[in-house]
Amino acid sequence: MRSDRFNPFRPGSIVTPWMFVGRVEEIISINRALYQTKNGNPAHFLIHGERGIGKSSLMVYVDAIGSQFTDGDALARYNFLSLNIELEPDNTYADVIYKIGNELARQVSAKRPAASTAKAAWDFLKQWEVMGVKFNGSERQVKPGDLLDELAFAVEKSLSALGSTVDGILILLDEADKPGAKANLGQFVKIFTERLAKRGCHNVCIGLAGVSGVIRELKKSHESSTRIFDIFTLQPLLPEERISVIDRGLRVAEEKNGIKTDIKKEAAERIAELSEGYPNFIQQFAYCAFNEDQDDCIDLDDVLKGANNPQGGAIEQLGLKYFEELYFDQIGSDEYRRVLRAMSESLDGFVTKAHLKKETALKDTTLNNALRALSKRRIILPKPGTKGVYRLPTKSFAVWIKAVTAQAGAAP
């Protein structure tokens with residue numbers, strides 16, 4: 001295995017805008033939202049989907065296109081003041097407001113006009129800093145409602161002071177599912193957008209991203225909060241997009257290494273097939289295949305060795321990062337895993353108990369025990385209102401199980 005060259009693939013990491021592939025429909029729709037917001041008709045969007053489906057990479061790409069980056073003639077070039085914020089599990093309602101205000105202050109400071117004209121225009125930032133000091137103090141003297149008013153005021157003053165130098169303000173909140181109920185994120189976006197509208201601030205676009213449960217959490221916080229968003233559910237990449245991810249990575253490798261690395265058609269297709277279109281899977285399988293290559297041409301053998309290597313192979317790495325606990329740590333019986341393998345053939349589609357009995361050939365008692373135990377641990381999910389019908393929680397879990405099954409079948 002070579003270690004003397006740059007590997008362009010980034011398993012488990014956000015890809016750069018220059019490496020971004022796919023999501024054409026979503027990008028067109030978000031581009032439309034930015035155009036509407038630029039012209040005084042604010043539009044907001046929500047991106048959700050499974051972990052590893054590429055939500056954060058898409059948010060980084062949106063951040064880039066909102067801030068003058070362009071990836072071809074199809075997209076307009078914008079100049080939004082972009083606030084890219086990642087939420088944390090312990091963030092409260094006030095924390096969310098404070099994070100946005102802090103990032104606004106930083107970004108505005110970078111765009112201040114000449115010093116001779118700046119003083120009066122930027123006095124409001126001092127007021128925000130004072131509010132922040134009080135909020136961060138041990139007594140947390142500022143009420144969240146007052147902090148929200150100050151944020152709306154700061155946004156209004158920022159837009160007024162920046163004038164035509166920006167198209168508006170783009171607020172991107174990634175990992176929006178992490179804080180849960182205590183952040184009251186639905187209430188925040190609903191009230192904040194209303195406060196902005198009352199202040200005549202019509203050039204602010206809000207984008208959220210989170211796992212699929214984020215919609216439920218938003219509604220718990222404020223029933224009508226999701227109505228302000230265009231909602232996009234990210235699906236696995238199409239077969240041709242999966243190949244484009246690999247090709248784009250190899251072009252970056254050639255630029256960095258000064259040596260072209262080719263890939264055989266069947267090798268690229270196997271990576272695409274193994275990944276089932278999950279961006280993090282594509283990156284992991286491609287990364288490991290690239291490491292296995294010894295002659296600057298990735299072939300099918302490199303892909304299979306990279307996938308199946310028991311020490312650092314793609315399947316092992318994906319398991320350790322995402323699925324090991326569900327498939328091994330919480331299950332002591334291979335008979336129970338047999339149920340999961342049978343279910344994985346339907347990805348995350350619902351499967352009947354009768355079908356599982358046929359596919360696994362387990363005794364009724366064993367199958368009943370397996371379904372009961374797997375359901376209790378939330379490793380499989382029963383269909384609401386329908387007895388004896390189950391599904392795996394995510395497609396990505398099913399894809400990994402299928403890869404593990406194929407690996408075991410290929411073992412000598």
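Student: Which residues in α9 meet which residues in α11?

Tutor: Keep in mind that this is a predicted model. Start with the α9 side. Arg242, Val245, Ile246, Leu250, Ala253 and Asn257 are the residues in α9 that take part. Facing them in α11 are Ile282, Gln283 and Phe290. By class, this contact of α9 with α11 has six nonpolar residues, two polar ones and one charged one.

Now the geometry. Two packed helices are described by the angle between their axes and the distance between the axes. Helix α9 covers residues 239-257, and helix α11 covers residues 279-292. Their axes come within 11 Å. They cross at roughly 45°. An angle under 35 degrees would count as roughly parallel, and roughly perpendicular starts at 65. The pair α9 and α11 is therefore oblique. The crossing of α9 past α11 is right-handed.

Stay with α9, and turn to its packing with α10. The angle between α9 and α10 is about 120°, and their axes lie 9 Å apart. That makes α9 oblique to α10. This crossing, too, is right-handed. From α9, the contact uses Arg242, Ile243 and Ile246. From α10 come Ala268, Glu269, Ile271, Ala272 and Ser275. The contact of α9 with α10 holds five nonpolar residues, one polar and two charged. Look again at Arg242 and Ile246. Both meet α11, and both also belong to the contact with α10.

Next, follow α10 onward. Helix α10 spans residues 265-275, and it packs with helix α12, residues 300-308. Here the angle is about 30°, and the axes are 7 Å apart. That makes α10 roughly parallel to α12, since the cut-off for this label is under 35 degrees. On the α10 side are Glu266, Ala267, Arg270, Ile271 and Leu274. They meet Leu300, Val303, Leu304 and Ala307 in α12. Seven of the residues in the contact of α10 with α12 are nonpolar, none is polar and two are charged.

Now step back to the whole chain. It has 17 helices and ten strands. Of its 412 residues, 50% are buried. Among contacts with a separation of 6 or more, 75% join residues 24 or more positions apart.

The largest nonpolar core has 75 residues. Leu340 and Trp400 have the most contacts inside it. Beyond residues up to four places away in sequence, Leu340 touches Tyr327, Ile331, Leu374, Ile379, Ile380, Leu392, Phe397 and Ile401. Apart from this core lies another, of 41 residues, including Ala94, Leu162, Ala183 and Phe192.

Thr193 sits in helix α7, residues 185-198. Its relative accessible area is 13%, so Thr193 is buried. Leaving aside residues up to four places away in sequence, Thr193 touches His44, Ile206 and Ile228. Asn102 is in helix α3, residues 93-109. Its relative accessible area is 24%, so Asn102 is partly exposed. Along the chain, Asn102 and Leu151 are 49 residues apart, while their C-alpha atoms are separated by 9.6 Å.

Note on methods. Residues numbered from 1 in each chain as written. Predicted model: local features only at pLDDT ≥ 70, side-chain atom pairs only at ≥ 80, totals over all residues. Heavy atoms only, no water. Core = buried A, V, L, I, M, F, W, Y, C linked by side-chain atoms within 4.5 Å. Buried < 20%, exposed > 50% of the residue type's maximum accessible area, 1.4 Å probe, protein only. Contact = heavy atoms within 4.5 Å. Helix = DSSP H or I, 4+ residues; strand = E, 2+ residues; numbered from the N terminus. Axes fitted to C-alpha atoms, helices over the stretch in contact; angles between N-to-C directions. Parallel < 35°, antiparallel > 145°, perpendicular 65-115°, else oblique. Left-handed = near helix turned anticlockwise from the far one by under 90°. Nonpolar A, V, L, I, M, F, W, Y, C, P; charged D, E, K, R; others polar.
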